[in-house]
Amino acid sequence: FRSSLGLCPQHNLLFSFFTVSEHLIFFGMLKGLSKSDSEKEGTELLSTLGMEEKKNDLVSKLSGGMKRKLCLCISLMGNPQVLMLDEPTSGLDPESRRQVWDLLLSFRGQRTTIITTHFMEEADVLGDRIAIMDHGQVSCYGTSMFLKKLYNTGYLLNILKEERAPVHPITRIVEQNVTSATMKVSNPGQLSYNIKSDESAKFPALFSALETYKSELGLTGMGITCSTLEDVFLKVAEDASHNIPENDDQQNNNHTTESHHKSFDGLFFLQLRALMYKAILTRIRSWIKTLVFIIIPVLMTAYTMYQTMRQSYLSDQPDLPISLSIYPEAHVAVLADNQTTFNLIQKVIRSGGATLDVIPTDTSFNDYLGSQINDNLVKYKREMIAGLQYNKNLLYGEYSYYIYHAPAVVFNLVANLLLQQINPSSSITLSNHPIVVQRSLDICDLAMHAPNKVILFPLTMTFFSLALMILTMGYISFPLKERVSNAKQLQLMTGVSPLLYWFTTLVCDFVIFIITALLMFSTVYIFQSQSIFSASGYIGTLILVFILFGISGIAFAYLFSFFVRSSVKASVLYILINLITGTIASVILTLLGQIPDISNIKLCTFLLSFNPIFAGSSAFMHLFSAMYIDGTCLQCGVNCKTQDPLQFLDAKAYPHGILNFLIFMVVDAILYFGLVLMIEYGLVKRLWFLICQLRIKMDSKKMEEDNDVLIEMEKVVASYNSKAGSPGGKVVLHVNNLGKKYNSKTTAVYGVSFQVGEGECFGLLGVNGAGKTTTFKMLTGEEIPNQGNARILQLSLDKQKSKFLSQIGYCPQFDAINKLLTAKEMLRVYAL
């Protein structure tokens, strides 16, 4: 079934690192097409939908409408027999929508198509049969004509009139001629009436009467149209709404909203309350993720403390048999003047798996061994384990001092030879049984060994450094998601200060950090032995390091929320950078820093301390080392020397000083919060924009301009220069020569000018990629215009951006919502 199915989902599911053609080739090959066939079919589809010029562009560079058409092309790859299209034309301009309709209509009779849509015209054009759903049920089903007749939506009479013309006389004449007529729309310049389809015979008399009294009634035009599928849909929805029980929210939905202007202090505290309310709710709703980023660092800290306090034990080892068999390729030199004794020696040696080297009786024992040494010293050391001499009823056993257990082996050989001369069936076995020794050292023993033990603390505390990295990584996700979804942009456009936004985010995240830090701190108490850390006198310093690291680490994590548009990518980038420059670097430099006179250590430490993970990890490593030495020394009281960690790090005088790291964590907090605020206030974007302007020059598009457009531009210039946008004027919004050029090749907007009056609805139309969204981005502060300016009343976008944006209610192209909040909570946040 799936092999013959083409699916276009409601949301665009695309690979950001693929080009348009690569998408089509990939999905075509998944459907079983060859690469060449996939490329050919994909090119044809792109050509049909007018996207052939975009085939080599990355998906990230496409507009929303282009992405939608690409998803449709993907669903058509491989010539599927069944098409399931979930709102395929959502976000498309009318021209592109017509292209899609023509393409789908060409498949009629060849492919089975199931389509969902909220465009009634689309359903009317494409649907052979239509089903309307409401509240999870199918309310009606049939052809378009059948549904129109079933619900008797009939005709729509439209009458244009002068604005001051009364409505009642017109309505009276319409009802006198068509009794079923009901008013649908009543505007100052237009009236609309619904007329049932069986009343069509009365139309001539109706139009005759209206034409007769045209001047008296103040009519300027009239016309009648057939009802559309939209009328059917509204009729179904109206009937269904009567079956829904009213609740408190529905009963109170007619309340009007009043605007209350607060003083600066009142507004500040309302905004603070709203942002804190949102931040707390968001953390509570994502409690699983929050809990994970608390538990993992705590467990890693507990493991680190356990390893730090663990004492050495000799494990219970098995018995080690002491015999010739434990040495492969062992040789034993034998010299005997008695054949019976020689046979017994030969039997015992061979039973042990060793090789017997027989020394001729006319050769001296020592001369023989000397010749072996001269021939091959290495082989002699490795293989010649023992020697036996039997001479005149005396048995001599000799051993090699190169072999650790050789004395015991030779002693056992001699004992077995003596025993078996008396009882050949007996033997003596020898084994080494290690004694289990528990090295439970008292506090003075620990103090004596402390300087050597802390040398390896950096290796032991690697897990603790990783815990710090994981802990701070959890603070990237929330601000990143709000930035990507444009929820943060909407909040700032309400007049919220970026400083207040980041302050509330920091407060909420810092509370979570304090909870985690307290749990990590408690593991130090739980796993410390003999109160070593508590007795050091530097518990307060440990708390200070936690606090400084928390502030600087959170600020550093916030900076990563601006680099990419995915939490996963940001986390991977954060891990890669901090694993190398934070954890690994801190371990290596702390180990090397204990060796005096190593060049460039101080320079590397200085540069890497701008990373809070490095500064914090190094501070904790040196502080715990100093606390271990001081805790054991102060409790013992003799034969030891304490350390002072509140000094600048010096390999000779203060090998565990952390003062420089404390200073750097303060500097890092100020530096990274400063960078975050500079980015948020647009200073970094403005600086980059000024640099780009040196090589990107705004050009004008050569095209014939409409006379009305030229007149509007002249009005804008005259009004803008005369400051007609003052509070007493009628013009509210001025847009004067606004233009945007992204790079040397791509100009999105060429000098747009228009003005919008008080109470006026201004429509900005255009095909996908025409520049509508870019124009809105410039007006809402997301993009900096290369030329031109805008003004709301007397507030300038260029010079008074914050106040300018606070006057705008903005609905962006894509949903700028926090998915962890309910609709009511979202409205409460934006209303406060």
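Contact is taken here to mean heavy atoms within 4.5 Å. In the structure examined, which is a predicted model, serine 477 touches Lys289 and Ser567 on this criterion, when residues up to four places away in sequence are not counted. Serine 477 is found in helix α21, which comprises residues 477–484, and its relative accessible area is 12%, so that serine 477 falls under the 20% limit and is classed as buried.

Aromatic pairing was examined across the whole structure, and the search finds 36 aromatic pairs. In one of these, the ring centres of tryptophan 502 and tyrosine 558 are 5.0 Å apart and the ring planes lie at 50°, so the pair is tilted. Because tryptophan 502 lies in helix α23 (residues 498–527) and tyrosine 558 in helix α24 (residues 539–559), the pair ties together parts that are 56 residues apart in sequence. Both partners are buried, tryptophan 502 as well as tyrosine 558. Elsewhere, a cluster is formed by Phe15, Phe17, Phe18, Phe26 and Phe27, which are linked by ring pairs.

Arginine side chains are also found over aromatic faces. Arginine 283 lies over the face of phenylalanine 478, at 4.0 Å from the ring centre, while arginine 111 is placed over the face of phenylalanine 107, at 4.2 Å from the centre of that ring.

Technical notes:
Residues are numbered from 1 along each chain as its sequence is written. This is a predicted model: local features need pLDDT of at least 70, side-chain atom pairs count only at pLDDT 80 or more; totals for chains, interfaces and linings use all residues. Side-chain values use heavy atoms; hydrogens and water are left out. Rings of Phe, Tyr and Trp (its six-membered ring) pair if their centres lie within 6.5 Å; planes under 30 degrees apart count as stacked, over 60 as edge-to-face and the rest as tilted. Helices (H or I, at least four residues) and strands (E, at least two) are DSSP runs, numbered from the N terminus. Buried means under 20% relative accessible area, exposed over 50%, partly exposed in between (1.4 Å probe, protein chains only). A charge sits over a ring if NZ of Lys or CZ of Arg is within 6 Å of the ring centre and within 35 degrees of the ring normal.
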